[in-house]
Amino acid sequence: MRRLLVTLLWTAAALPAQFPLATSALSVNLNSDICYGLIHLRNINPQREYIAPEARLPLYRLILSRPDGPEIGVTSAQAASVSPQRLKNGAILTFHHPDQKLTITCTVKIEAASSRLSWTIAIRNEGRLGLRSLFYPQWAAPLHLPADESRVLYPFLDGQKFIEPGKCLAEGSTKRIQYPGQAALQLLAYHDAESVLLGMTLDGEGWMKHLRVARIRGALDLSFEHNPDERPGTNITLPYETVLQPFRGGWEEAADIYHMRQIGRASCRERV
């Protein structure tokens, strides 16, 4: 017992407090205080902070189904241990949940050329639980951006905009649509008159997911909800990247970037 306690204390002390990632145009910070959730995602030009300081969401949240009772929620903050590994252009974070018999490996990389963050995840499931929903990466945006009106581009059917959603949506309310289905595209864009943070999934196979705008305390929760496979005890590796990419411009540029990404993926599939 004493050896186990010493090992746990050593592990906690050895964990890096944060993982800063940066390019000339983008600064990002994952912090161990919230189990390596995003505490900063800052565009350099123009200066924009796209993470609300009040929310402090963990890196991921899972909703798990079980055959013998109600669903349960698990976050990275509830992991018994985490094994972080620094990469030249990112980080690999492995979280251990022995009570649920889950091992979750999250990878984040930053691309200098495009200043985009790409996220992937793999879940090893050795228990009897099913993955109903995966919110990853959790993205808590500020209620308002500084230049003019703040807007969320929401892909309901032909497209919809929420103008000043931080003011117009009641705390606790959620707008949620399914892709494939009522969502025409796999993107969300949060912007003002000068800059945009584009969130998108680079999925050319039509995996089920939900796009959301949720008003939580002190923030807008714009996290993608992935729904890959609810069969109990199923190992899951999402076969696509989730991307966060800030840039100067408006929603039209966001749509163009998304369109070009999808064309690029289609061209690669055709060549193969």
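This is a predicted model: local features need pLDDT of at least 70, side-chain atom pairs count only at pLDDT 80 or more; totals for chains, interfaces and linings use all residues.
A search of the whole structure returned 4 aromatic pairs. One of them joins tryptophan 119 and tyrosine 136 in an edge-to-face arrangement, with 6.0 Å from centre to centre and 90° between the planes. Because tryptophan 119 belongs to strand β10 (residues 116–125) and tyrosine 136 to the loop between β11 (130–135) and β12 (140–141), this contact ties together parts that are 17 residues apart in sequence. Tryptophan 119 is buried, at 1% relative accessibility, and tyrosine 136 is likewise buried, with a relative accessible area of 1%. In another pair, the ring centres of tyrosine 154 and phenylalanine 162 are 5.1 Å apart; the planes meet at 50°, and the pair is therefore classed as tilted. Both tyrosine 154 and phenylalanine 162 are buried.

Charged side-chain ends are also found over aromatic rings. That of arginine 61 sits over phenylalanine 135, 3.9 Å from the ring centre, while that of lysine 209 sits over tyrosine 240 at 4.7 Å from the ring centre.

Strand β3 (residues 37–43) is mostly covered, with 5 of its 7 residues buried. Its pairing with strand β2 (residues 26–31) is antiparallel and comprises 6 bridges; leucine 30 stands opposite leucine 38 of β3. The two strands, β2 and β3, form a hairpin with 5 residues between them, and cysteine 35 in the turn adopts a positive phi of about 55°. Strand β3 is also joined to strand β4 (residues 48–49) by 2 bridges in the antiparallel sense, with asparagine 43 bridged to arginine 48 in β4. A hairpin is formed here too, with 4 residues between β3 and β4.

Methods:
Residues are numbered from 1 along each chain as its sequence is written. Side-chain values use heavy atoms; hydrogens and water are left out. Rings of Phe, Tyr and Trp (its six-membered ring) pair if their centres lie within 6.5 Å; planes under 30 degrees apart count as stacked, over 60 as edge-to-face and the rest as tilted. Buried means under 20% relative accessible area, exposed over 50%, partly exposed in between (1.4 Å probe, protein chains only). A charge sits over a ring if NZ of Lys or CZ of Arg is within 6 Å of the ring centre and within 35 degrees of the ring normal. Two strands pair if DSSP finds at least two bridges between them.
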